[in-house]
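Please look through the sequence and the model below before reading on. The report that follows takes up the surroundings of a ligand and then turns to a strand and its partners.

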Amino acid sequence: MATLEIKNLHVRINDPENKDTREILKGVDLVIKTGETHAIMGPNGTGKSTLSETIMGNPRYEITQGDILIDGQSLLELPVDERARAGLFLAMQYPVEIKGITNMEFMRAAINARRDDDDQMSVRDFLKELDRNLDILNMSESMARRYLNEGFSGGEKKRNEILQLMMIKPKFAILDEIDSGLDIDALQVVAKGVNAMASPDFGTLMITHYQRLLNYIKPDFVHVMMDGRIVKTGDAKLALKLEDEGYAGLRDELGIEA
Ligand code: ADP
Ligand code: MG
Ligand code: MG
């Protein structure tokens with residue numbers, strides 16, 4: 001079992017262009033163990049993507065206090081690629097396009113970068129695994145042969161993030177609005193992929209604006225984030241309650257000003 005721990009995390013945005021150094025995260029605490037599925041919900045602009053980018057090590061986000069640890073080891077000094085080697089995976093809200101590298105090349109490189117030199121994945125094992133996962137996600141092999149995300153529709157990009165997840169098999173995955181812009185069929189396919197990952201050696205943090213995703217991927221814990229803090233934690237029922245009463249209802253209940 002592995003543990004990802006976020007401790008009293010304070011983050012401000014370090015944007016040299018507009019000199020904006022606003023504090024975005026104001027003390028986030030969160031513990032995720034492998035085998036668990038967590039969801040963070042919250043209104044737009046509350047810092048959900050900031051949290052995921054910061055965990056992954058995006059240098060634009062400056063940590064002013066707190067820590068991020070896997071099994072008690074701080075990740076703060078590690079660049080993105082070493083965090084990936086430590087077992088983290090981030091499916092971004094807006095996946096990037098990369099010309100000149102195919103999806104397959106990207107995935108194989110990503111897998112092998114996470115492995116030791118004497119344990120590299122062979123082309124044959126890679127293709128076998130790719131086939132299996134393309135099947136689960138109803139994706140054609142031509143998608144894997146195309147340049148990474150280039151010309152992919154919004155839905156194809158999301159599906160492709162899940163393909164990468166299934167190929168890379170990290171310890172912890174952060175899925176940032178993997179449901180946004182998906183129709184119900186695509187959402188079901190994406191959920192099928194995430195659910196196929198379920199194992200005692202895999203933990204998920206799903207970030208979503210909507211309860212809908214949680215009908216398909218059942219969370220053990222639901223956290224609500226508002227204004228840079230986790231203001232409430234519960235089980236799957238909390239998401240249903242939010243759907244009913246909205247974020248405004250929760251604000252009233254907790255006495256938080258809008
Ligand atoms: P969420 O994902 O919950 O919608 P974000 O983490 O994307 O929220 O954004 C939180 C706040 O930080 C917003 O006010 C947003 O405009 C701001 N922000 C996020 N990233 C950047 C950035 N790179 N530069 C400037 N402002 C940013
Ligand atoms: Mg947003
Ligand atoms: Mg976001």
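Helix H1, which spans residues 48-56, gives the most to the shell around ligand 1, contributing three residues. This shell belongs to a predicted model, and in it 13 residues surround ligand 1, the closest being Gly45, Thr46, Lys48, Ser49 and Thr50. Sorted by class, the shell around ligand 1 holds seven polar residues, four charged residues and two nonpolar ones.

The report now turns to strand E7 and its setting. Strand E7 covers residues 172-176, and five of its five residues are buried, so that the strand is mostly covered. Which residues of E7 are buried on one side, and which on the other? On one side these are Phe172, Ile174 and Asp176, while Ala173 and Leu175 are buried on the other, and both faces of E7 are therefore covered.

Strand E7 pairs with two strands, E6 and E8, as the table sets out.

| Strand paired with E7 | Residues of that strand | Bridges to E7 | Sense |
|---|---|---|---|
| E6 | residues 88-91 | four bridges | parallel |
| E8 | residues 203-208 | five bridges | parallel |

Individual residues can be followed across these pairings. Leucine 90 stands opposite isoleucine 174, which lies in E7, and this isoleucine is one of the buried residues of that strand. Aspartate 176, also buried, stands opposite isoleucine 207 in E8. Between E7 and E8 the chain crosses through helix H7, made up of residues 184-196, and this β-α-β crossover is right-handed.

Notes. Residues numbered from 1 in each chain as written. Chains lettered and ligands numbered in written order. Predicted model: local features only at pLDDT ≥ 70, side-chain atom pairs only at ≥ 80, totals over all residues. Buried ≥ 20, exposed ≤ 12 C-beta atoms within 10 Å, placed from the backbone. Pairing = 2+ DSSP bridges. Right-handed = clockwise from strand over helix to strand, strands pointing away. Near = placed C-beta within 6 Å. Nonpolar A, V, L, I, M, F, W, Y, C, P; charged D, E, K, R; others polar.
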